[in-house]
Amino acid sequence: MLPVVVVHGGAGYVLKQRFEVSTAGVKEAARKGYAILKSGGSALDAVVETVAILENNPTYNAGRGSMLNAKGEVEMDALVMDGRTLACGAVSAVRRLANPIHLARLVMEKTSHVCLTAEGASKFARAMGIPEVPEESLITDHARKCWKDNQCPDANPVQYQMGKMGTVGAVALDVHGNLACATSTGGIVNKMEGRVGDTPCIGCGGYADNKLGAVSTTGHGEAIMKITLPRLILFYMEQGKSPEEASDMALAYMMERVSGLGGVVVVDPKGTWAARFNSKYMSWAAAQQDQLHYGVSLGEDLTEPL
């Protein structure tokens, strides 16, 4: 089985001067994820560590760089799923953690639950020995500016959100034929305290099943949740559509039914992958057969050797 990892850094509108940094981040993450797969590592290891790299990068709306809620605080969501067993773990509205994706994996591996939230998730993190970090270490100048810009009464946080590369995620297929997905986000700028979007919801922020494929999403969470975007893509794939066809069909349906903008990365059990979006831009990268594919604009697929 030829291993593959596909990464996204969020769907939306991005200023051209930010293209380079947005692209560099997903390329770096894809390279490191692919190195894990090439050395025989699992798809699960690859997606978790790939997403952690992006959480540590202040360019994206996850971990350091997360958008702020209405109170000016960071609340983060994350999800991981193992396509071999359908085991999954998620956290929502967590605070003061550098890498929520690591806590999501611990929920999957160390509890009988799927999702822990807010203070309960924080207590579990402490019990697992995950150190808290100062909240200020997660807040960038850009996030604070976004928060302030959305204080005016006529601001549209959803529209504004699409102006920053956001939610991060990855899907992978390993040499043993196992699939996995992982997704992490800081959520919509100026969201209500306690708001939870698509990211930590199974079948919304992502889904992985060795029999069908793996998907990670980005975009307007409420729209994604209304149509359970990953499950819809996998339904189309089960009917015989390719990852690209299935993604385009599902994104078109989301736009038609709920005017939803977003994007996805997808891989099937054979290693066929896709990175598709109906927003103006989405930073993405894919590594397979020692080739790195990447892009930001619609229709863009650049390549370079790994």
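Which residues does Thr 167 touch, not counting residues up to four places away in sequence?

## Surroundings of Thr 167

In this predicted model, Thr 167 touches His 8, Gly 9, Gly 10, Asn 61, Thr 183, Ser 184, Thr 185, Thr 199, Thr 217 and Thr 218, with residues up to four places away in sequence not counted. Thr 167 is located in the loop between helix H6 (157-161) and strand E5 (168-173).

The relative accessibility of Thr 167 is 8%, which is under 20%, and the residue therefore counts as buried. In the unreviewed UniProt entry, the annotation "active site" covers Thr 167.

## Nonpolar cores

The largest nonpolar core comprises 52 residues, and those with the most contacts inside it are Val 7, Val 80, Val 91, Ile 101 and Leu 103. Helix H2 (residues 43-55) supplies the largest share of this core, nine residues. Another core, of 37 residues, lies apart from it and includes Val 215, Leu 251, Val 265 and Trp 284.

Beyond four places in sequence, the residues that Val 80 touches include Leu 44, Val 48, Ile 101, Met 108 and Cys 181. Arg 105 is also among the residues touched by Val 80.

## Helix H8

Helix H8 (residues 229-238) is largely enclosed by the rest of the structure, because seven of its 10 residues are buried. These buried residues are Leu 229, Pro 230, Leu 232, Ile 233, Leu 234, Tyr 236 and Met 237.

The buried residues of H8 pack against strands E7 (206-209), E8 (213-219) and E9 (262-267), as well as helices H7 (221-227) and H9 (243-258). Gly 240, with a positive phi near 110 degrees, follows H8.

Methods
Residues are numbered from 1 along each chain as its sequence is written. This is a predicted model: local features need pLDDT of at least 70, side-chain atom pairs count only at pLDDT 80 or more; totals for chains, interfaces and linings use all residues. Side-chain values use heavy atoms; hydrogens and water are left out. Buried means under 20% relative accessible area, exposed over 50%, partly exposed in between (1.4 Å probe, protein chains only). Helices (H or I, at least four residues) and strands (E, at least two) are DSSP runs, numbered from the N terminus. Contact means heavy atoms within 4.5 Å. UniProt positions are given in the numbering used here, feature names are shortened, and annotations may be inferred rather than shown by experiment. A nonpolar core is a set of buried Ala, Val, Leu, Ile, Met, Phe, Trp, Tyr and Cys residues joined through side-chain atoms within 4.5 Å.
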